[in-house]
Amino acid sequence: MFAFIAKRARNAVLLLFLASVLCFALVVSAPGNVAILIAELRTPTATKADIAKVEEELGLNKPLLERYGFWLNGAIHGDFGISYKTGEAVGASLKSRLAVTATLVAGGAVVAFLLSLFVGFVGALWAHRAPDVVTRGSALLGASTPSFFVGALLVYAFSVTWHVFPTFGFAGPVSWVLPWLTLGFLPAAVLSRVVRVGFEEAMAKPYVLTAMSKGLSRTSILVRDAIPNIAPTYLNALGTQIGTMVVGAVVVEPLFAWQGIGDLFLTGVRFRDFMVVQACLLVFITFFIILNVVVDICITLTDPRLRLQRS
Amino acid sequence: MQPVRPLLKAIGAFPRSAVFTIGAFVLLGLLAPYIAPHDPNAQDLLIAGQGPTLAHPFGVDHLGRDTLSRLIVAARTSLVGVCLVLVCAHAIGIAIGTIAGYRRGWTDELLMRIVDVGQAIPSLIVSLAVIGIAGVSYWNMILALALAWWPGSARISRAVAVNTMNKPHMEALRVLGASPVRIYFVHLLPTTIGAVLVYATADAGAVALAIATLSFLGLGIQPPTPEWGQMLVDALPYLESDPRQVILPGLTLTLAVIGFNILGEAVALNRVPKPLTSRMLAARRRVTAFWAKEARP
């Protein structure tokens, strides 16, 4: 088991290294001179001497490899340089916005988890009957609806028509509800299909026949025998969907005027603020890679067959 | 024409609902300028925000532009964008995948590790980063999406290429003294393109959605050109007074994506009965089994 974790961790570090090279290369290859941009940001009438001073300060006149080492060292310690547009430290704005995105994704994950299990259970309990057909249809619809459209519909229904939740911005804990629902909707649709198909397959297995001959009810077979069997598949899908939700946050945050990392990334993209784009990209990639490793370990822990095979 | 005929045959076997939605989408896109009743960019502020009338069956938006015409022309914007992205992405992907599958060895290792990194990052993040570096414009959007989509295509085409290279006729060609150039361009490339084309159609929905999302964020198609995501964000400030202008583009986009998703599911579940010849189908099953084996760490 430890050997397995170590192997996964080693692969993750390798992938992280490649990703950091990619992020660095992206900014180095960007058109335009960074030193001129920053010098002009400080004093609009920057002279050649000012530009040279900035180059000296940021180490832009050093060889690429040295610059990469300098940048990576800073990034590991949370220093991502300063934004070209605002002049603020990128690391500080990342830190201040982390909580918003984390809460958004965590809430979305809870919504997706509860909704998908509920819908999947309804479908499995009434398999091939009206509730199943309805839930399967809505799952297909939910998986195909763009999240910004879901958000707009939710705002129209709950804020504009029924005045239950506030529309945009932050006004107490209730304003979290709509972004959470928006973010959790698509993953819930996808996951409910995973649950539904997983139950369908599990219920055709011989151990279910044994349980039935022992006189257990359909519900208790679903809970006691089927759930442990679909758990690894479900966890895998949940991990993928949490990744999708982080991407979804980039779309949902501007829709609800939240100031999270997604919003920071978008602002960076819009104003071509390379340092912000680079830092956000690195944070996102790091998150995805770590998420993958965590999901892999969780699957191994929940599935005794894999545990045996991998230890 | 080797790759085209099996594709046409495959369309006949696709699920009906998918064929109708996608058919409508493609027809609207192709014929947009001829069937749109009004100029999609003609403004008439006097009737701005008006509900449905005989002249404007879906109403007009906040600038008095005819919504029906804009929805129809947006299908063309989307269709052209999707085709460009898929062609670019698959050109890169098939080139890299077939080279990796043909050469094997360290070339294969190196190229596939790059593909791994590309696949580890979600496509929207990749395309946003590329737009952030290159700037906002139509061609940058196409480039960004192509760069986000090629790794998937490279992976599939590598698997197909490896499979093709292992077939007896490839060995026979070598024995007959066919040059590597001939083997690659005459025998390997057409087979790979034919097999990958089916998967390309299944990807189209995700690309259409990505174009709409980028346009929604103001980073894709720019305002005067009608596009569903951009129409939606345009009408969002008027959600309270005129929700129709938000709901209609959203619904149209959802319908198109549903069509492609049903198709994609059919392809993924191998439910498309005769995508190529029965021989190719058997080959594809083997390829799928090969991926499954490869996906397991």
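# Briefing: a predicted model of chains A and B

Chain A has 13 helices and zero strands, and chain B likewise is built without strands, its secondary structure coming to eleven helices and zero strands. Both chains belong to a predicted model, so every value below is computed from that model. The points that follow take up each chain, the contact between the chains, the nonpolar core, and a few individual residues.

**Chain A as a whole**

- Followed along the sequence, the elements of chain A read α-α-α-α-α-α-α-α-α-α-α-α-α, and the C-alpha trace of chain A spans about 85 × 55 × 30 Å along its principal axes.
- Of the 311 residues in chain A, 37% are buried.
- When the contacts in chain A between residues at least 6 apart in sequence are considered, 70% of these contacts join residues at least 24 apart.

**The two domains of chain A**

- The domain assignment divides chain A into domain 1 (2-90) and domain 2, where domain 2 is written in two pieces as 96-272 + 291-303.
- The C-alpha centres of domain 1 of chain A and domain 2 of chain A lie 36 Å apart, and the contact between these domains takes six residues from domain 1 of chain A and five residues from domain 2 of chain A.
- On the side of domain 1 of chain A that touches domain 2 of chain A, there are four nonpolar residues, no polar residues and two charged residues.

**Chain B as a whole**

- Read along its sequence, chain B follows the pattern α-α-α-α-α-α-α-α-α-α-α, and 45% of the 297 residues in chain B are buried.
- Among the contacts in chain B with a separation of 6 or more, residues 24 or more positions apart account for 71%.

**A bent helix in chain B**

- Helix α8 of chain B covers residues 180-216 and has 37 residues, yet its end C-alpha atoms are only 47 Å apart, which is short of the 54 Å that a straight helix would reach at 1.5 Å a residue.
- Where does α8(B) bend, and by about how much? The bend is about 35° and is found at B:Leu188, with a proline, B:Pro190, following within four residues.
- Just after α8(B) comes B:Gly218, which takes a positive phi of about 80°.

**Where chain A meets chain B**

- The contact between the chains involves 36 residues of chain A and 30 residues of chain B.
- On the side of chain A that touches chain B, the elements that give two or more residues are α1 (2-28), α6 (130-144), α7 (147-161), α10 (218-255), α11 (261-270) and α12 (274-302) of chain A.
- The element that gives the most to this side of chain A is α12(A), with seven residues.
- Sorted by class, the side of chain A that touches chain B has 30 nonpolar, four polar and two charged residues.

**The largest nonpolar core**

- In soluble globular proteins, nonpolar side chains tend to be buried together.
- The largest nonpolar core in this model has 150 residues, and those that touch the most other members are A:Cys280, B:Leu145, B:Val207, B:Ala208 and B:Leu232.
- This core draws at least three residues from each of domain 1 (2-90) and domain 2 (96-272 + 291-303) of chain A.
- Which residues does B:Leu145 contact when its neighbours within four places in sequence are left aside? B:Leu145 is then in contact with B:Val85, B:Ser127, B:Val207, B:Ala210 and B:Ile211.

- A:Thr161 is found in helix α7 of chain A, and A:Thr161 counts as exposed because it has 11 C-beta neighbours inside 10 Å, where 12 or fewer is the cut-off for an exposed residue.
- Between A:Thr161 and A:Glu40 there are 121 residues of separation in sequence and 49 Å in space, taken C-alpha to C-alpha.
- A:Ala257 lies in the loop between α10 and α11 of chain A, where A:Ala257 has a positive phi of about 55° although it is not a glycine.
- Is A:Ala257 buried or exposed? A:Ala257 counts as exposed, because 11 C-beta neighbours lie inside 10 Å.
- B:Arg104 also is not a glycine and has a positive phi of about 55°, and B:Arg104 lies in the loop between α3 (67-103) and α4 (105-120) of chain B.
- B:Arg104 counts as partly exposed, because it has 13 C-beta neighbours inside 10 Å.

Definitions and conventions: Residues numbered from 1 in each chain as written. Chains lettered and ligands numbered in written order. Contact = placed C-beta atoms within 7 Å. Nonpolar A, V, L, I, M, F, W, Y, C, P; charged D, E, K, R; others polar. Expected span 1.5 Å × (residues − 1). Bend = angle between axes of the 7 residues up to and from the residue. Domains from an automatic or database assignment. Core = buried A, V, L, I, M, F, W, Y, C linked by C-beta atoms within 7 Å. Buried ≥ 20, exposed ≤ 12 C-beta atoms within 10 Å, placed from the backbone.
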